[in-house]
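The report below goes through them in turn.

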Amino acid sequence: MDPDIDIDGDGSAVFRGCFHRPNNLSLALPVTAAMPNMSVDKCVDLCTEKEYPLAALAGTACHCGFPTTRFPLHEREDEQLCAQKCSAEEFESCGTPSYFIVYQTQVQDNRCMDRRFLPAKSKQLIALASFPGAGNTWARHLIELATGFYTGSYYFDGSLYNKGFKGERDHWRSGRTICIKTHESGQKEIEAFDAAILLIRNPYKALMAEFNRKYGGHIGFAAHAHWKGKEWPEFVRNYAPWWATHTLDWLQFGKKVLVVHFEDLKQDLFVQLGRMVSLLGVAVREDRLLCVESQKDGNFKRSGLRKLEYDPYTVDMQKTISAYIKMVDAALKGRNLTGVPEDYYPR
C-alpha cells in the first residue's frame with residue numbers, strides 16, 4: 001500500500017498503516033458503523049461527514065475517532081495482518097475485526113489549533129536557535145501547536161507574520177512568547193538567553209535549503225543559473241564555516257542547551273517534541289502531541305517537485321564540510337551528547 005494513497009485523485013485520505021484493535025474500542029474510536037458493502041471510500045466518507053480525522057476499517061465495520069493515547073498510531077503492524085479484501089472493492093484491503101486499516105481524512109484535528117500569547121510575562125527568555133535552513137520555521141509551527149502559545153523572533157519577517165506567526169511582530173524581549181527564533185551565534189547574543197533549544201541539521205541539506213530560500217523565497221527554489229554560477233561556491237565558502245561555529249558557540253556560551261537533531265525530530269516527532277516542550281516549561285499533553293503529529297507539515301515545506309538533478313557539492317566542498325562535521329561531532333560528544341547522525345557523512 002502506498003503510504004500517501006490518493007483514493008479519488010483529490011488527496012482525500014492518507015494511508016496511516018495497519019494497527020492492532022485498541023483495547024477499549026468504544027472509548028478509542030467513538031463512532032462505529034456496520035458496512036456490509038465496505039470500501040475505503042465509504043468508511044473515509046462516513047468519518048469525514050462525522051468530522052473525525054481517523055477512519056479505521058475493520059472488516060465490515062468502520063470506526064471513526066482521533067489519535068489519542070488509547071490509539072496513538074505508534075505501533076504499526078505488518079500490513080499482511082490487515083490484508084482482507086473489501087466486500088465492495090476487491091483491490092482494496094479493509095482490515096479485520098482484530099487488525100484495522102487506518103486512513104487520515106481531510107478533517108482537521110482541532111485539538112492543537114488554538115494559540116495565544118502567554119497569559120503572564122515570561123521570566124525566562126528561551127531561544128530556538130539554529131543555523132539558517134535547519135528547519136526553524138517548521139520547529140516553531142510544531143512548538144506552537146504542541147504548547148498552544150505563540151513563538152517570537154529575534155527578527156521581523158512580515159511573510160511569516162502573515163502566515164499566522166503572530167509573535168513575529170513582538171519585540172523579542174516582550175516576554176509574551178514561549179521561545180524566540182534566532183540564527184545569531186555571537187557570545188553576547190547567546191548570553192542574552194536563559195536557555196535554548198539548539199536545532200542542528202545535516203549541513204549539506206541546510207546549506208541547500210538556505211541557498212534556495214535566499215534566491216527563491218521561503219518555499220521557493222534558486223534558479224539553475226544560481227547553482228551553476230559563482231553564487232553557489234561563494235555561498236558555501238561563507239556559510240559552511242558558520243554552520244560549525246553556530247553550534248560550537250551555542251554549546252560553549254549557552255546557559256542551558258537542549259540539542260535536537262532535525263533528522264530525529266522528523267523521524268520521531270512525538271518523543272523529540274516532548275523533550276522540547278519540557279524545556280519550555282509547559283506540561284506535555286500527549287493528546288496534543290498526537291494531534292501535532294497528524295498535521296506536522298504545516299505550509300512550511302518546499303514542494304518536492306524541483307529536486308536538483310545533480311549533486312551541487314564539489315569534492316573540495318565535501319572535504320571542507322566533512323572537516324566541519326567532525327568538529328561539531330567531537331564538540332557534542334565532548335559534552336556527553338549524541339554525536340551527529342550517521343547520514344551526515346561520508347557522502
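Both C86 and C94 are buried, a term that stands for under 20% relative accessible area, with exposed meaning over 50% and partly exposed in between (1.4 Å probe, protein chains only). These two cysteines form a disulfide, that is, a pair of cysteine sulfur atoms within 2.5 Å. The model is predicted, so local features need pLDDT of at least 70 and side-chain atom pairs count only at pLDDT 80 or more, while totals for chains, interfaces and linings use all residues. Residues are numbered from 1 along each chain as its sequence is written, and side-chain values use heavy atoms, with hydrogens and water left out.

A search of the whole structure finds five disulfides, among them the following.

| Pair | S to S distance | Torsion about the S-S bond |
|---|---|---|
| C86 and C94 | 1.9 Å | 95° |
| C112 and C291 | 2.1 Å | -70° |

The link of C86 and C94 is right-handed, whereas that of C112 and C291 is left-handed. C112 lies in the loop between β5 (99–104) and β6 (126–130) and C291 in helix α11 (residues 286–294), so this pair ties together parts that are 179 residues apart in sequence; helices (H or I, at least four residues) and strands (E, at least two) are DSSP runs, numbered from the N terminus. Both C112 and C291 are buried.

Counting bonded cysteines along the protein chain, the disulfides follow the pattern 1-6, 2-4, 3-5, 7-8, 9-10. C179 is in no disulfide, and the nearest cysteine sulfur, that of C112, is 16 Å away. At 0% relative accessibility, C179 counts as buried.
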